[in-house]
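Dear colleague,

Please find the structure for your review below.

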Amino acid sequence: MNEIVKTTGLTKRYKEVLSVSGLNMSVNEGRIYGFLGPNGAGKTTTLKMLLGLVRPTAGEIEIMGLPMNGKNRVEILRGVGSLIESPSFYGHLTGEENLRILQTLLDVPKHNIDKVLQIVGLDDRRGKKVSAYSLGMKQRLGLAEALLSFPRLLILDEPTNGLDPSGIQEMRELIKSLPKKYGMTVIVSSHLLSEIDRTAEDVGIITNGKMVYQGSLESLHGIDSSKSLEEIFLELTGKERGL
Amino acid sequence: MISLLKCEHEKTRRRHVPATALILTAAMLVWIYPKHQNADLLRLGWMEYLYELPLVNSVFMPLLSITVSSRLCDIEHRGAMLKQLAVTVRRGRIYDAKLIYGLAVVLFCVGLSWVMTVAIGYHAGFDGDVPIKLYLLYLLFTAVPTAAVYIFQHTLSLCFKNQAVTFISGITGMFLGVFSMFLPQLPWLRKSLIWGGYGALDFVGLFGWTKENRYKFARFDLMEIDWKFFAALIFVCAAMYAAEREMFKRKEL
């Protein structure tokens, strides 16, 4: 299986704080990769480094087989959609106007706007100003922006944040359908074990900036069949945190 | 770049950025319209404007720059759009597109205020024809300091989420610029500030004005133009652009 994302010794240090330490991440193409870790573990920083939003202190990043550097970053990222931390939007514009701006910048067909609005279920709210959207609707718009170019790789940082239970379920089903429907690879981060357990096929567990487990979800379940997934997770993250 | 500029224009929808800039320009024009007309003022009108307008510009142009840059950049911060744009377009191009769009709005207002100033002169009945060469020089000496101030404000607005930083820096600079114009004995002060550019490039001086006779025996004479300062200001513009663009490119989002 092709590795669509590969990091080697990825490190980020903020003055005295080592946020990510020597991370070796490997994401296979066409899979849903759950990036799991407690709050402050370094998930968002890692994803930001993959997108070039944060400069790594050390290490290498390879996306779609190409080593990423300052020169080719934007070209590589043309095949990547992302939703990092909170959804990005212009509140004074409508949902459709927001997408039209990105559509122009990405130089993708106009009908992609209709498609993604339908996919995320915002078709009937396209003419409403985003400042009047609920948090859940903003989250959906963020996902629509990430999907707009129908990228090969989708990076979603805590995409269920702010959604109600039915919204969470819809988002989960949507994420699960993406590899089959559109051939996308999805990296989805969360601090919620249950969320990753229900969505991902492969999983990477990070704590204190270090990867403590990486492999299929199935193998994670199989580490110790007498223990629940939660217990395994706590054991893995607790060791690193010295608990 | 064309599509980026188109997007910049799209983003200003319902934000009324050009309209706000035009309102400020209109306020400036109202401010400079001659309130008391007498024969002496009409005789000296064209030159008097060249003498007085740099001071007015040193207040209004920085205000215009603060307003336009802040309104254009604030929309990116409010919805955390920079991180979305930065994965779509090269950061240098984001910086350039926003700068070109904002600078175009501000320089359009500079041009408009120049045209309207000449129109006001004719409407008020200033003696003779407008000394066009001097007025073109004045236009140049208004546009370049305004561009310098705008580049500075643009970077602050783009790099700081909190637009109070932009506002406070801009207003402080504006006051220092105005203050420097009242201290002709300290020419280095106005020359060391980008906001002082309006005063440093002032090329008309007032002579013969007295409290008793006011403008009766007054005359406005041309002073030596500080071309070295003008060249330095253009260099400062280029240097600020290069350094601040690089700073924005390196900023972590």
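Predicted model: local features only at pLDDT ≥ 70, side-chain atom pairs only at ≥ 80, totals over all residues.

Helix α2 of chain B covers residues 17-32. Its 16 residues, at 1.5 Å a residue, should span 22 Å, and the distance of 23 Å between its end C-alpha atoms agrees with this. Five residues of α2(B) are buried, namely B:Val17, B:Ala21, B:Leu24, B:Thr25 and B:Met28. They lie on the same side of α2(B), because the arc they cover around the axis is only 100 degrees.

Against which helices do the buried residues of α2(B) pack? Their partners are α3 (39-78) and α5 (91-124), both of chain B.

**Two packed helices in chain B**

Helix α5(B) also packs with helix α6 of chain B, which comprises residues 132-159. Their axes are 9 Å apart, at an angle of about 150 degrees. Angles over 145 degrees count as roughly antiparallel, and α5(B) is therefore described as roughly antiparallel to α6(B). The crossing of α5(B) past α6(B) is right-handed. Residues of α5(B) that take part in this meeting include B:Leu99, B:Leu103, B:Val110 and B:Trp114. On the side of α6(B), the residues include B:Tyr135, B:Ala143, B:Tyr150 and B:His154.

**Where the chains meet**

In the contact between the chains, 22 residues of chain B touch 24 residues of chain A. On the chain B side, α1 (2-11), α3 and α4 (82-86) each supply at least two residues. The largest share, 5 residues, comes from α1(B).

Helix α1(B) meets helix α3 of chain A, residues 95-106; the two axes come within 9 Å and cross at roughly 170 degrees. This angle makes α3(A) roughly antiparallel to α1(B). The residues of α3(A) involved are A:Glu97, A:Ile101, A:Thr104 and A:Leu105. They meet B:Ser3, B:Lys6, B:Cys7, B:Glu10 and B:Lys11 in α1(B).

**Single residues of chain A**

A:Gly52 belongs to the loop between α1 (43-50) and β5 (58-63) of chain A. Is A:Gly52 buried or exposed? It counts as buried, because it has 23 C-beta neighbours inside 10 Å, and the cut-off for a buried residue is 20 or more. Beyond its neighbours within four places in sequence, A:Gly52 is in contact with A:Met68, A:Arg73 and A:Leu77, and also with B:Val87 of chain B. A:Gly52 and A:Val80 are separated by 28 residues in sequence and by 12 Å in space, C-alpha to C-alpha.

Two further residues concern the backbone angle phi. Most residues other than glycine have a negative phi. A:Met64, although not a glycine, has a positive phi of about 55 degrees. A:Met64 sits in the loop between β5 and β6 (66-67) of chain A, and its 18 C-beta neighbours inside 10 Å make it partly exposed. A:Phe150 is not a glycine either, and its phi is positive at about 45 degrees. The loop that holds A:Phe150 runs between α5 (135-147) and β8 (153-157) of chain A. With 19 other C-beta atoms within 10 Å, A:Phe150 is partly exposed.

Yours sincerely

Notes: Residues numbered from 1 in each chain as written. Chains lettered and ligands numbered in written order. Helix = DSSP H or I, 4+ residues; strand = E, 2+ residues; numbered from the N terminus. Expected span 1.5 Å × (residues − 1). Buried ≥ 20, exposed ≤ 12 C-beta atoms within 10 Å, placed from the backbone. Arc of directions from axis to C-beta. Contact = placed C-beta atoms within 7 Å. Axes fitted to C-alpha atoms, helices over the stretch in contact; angles between N-to-C directions. Parallel < 35°, antiparallel > 145°, perpendicular 65-115°, else oblique. Left-handed = near helix turned anticlockwise from the far one by under 90°.
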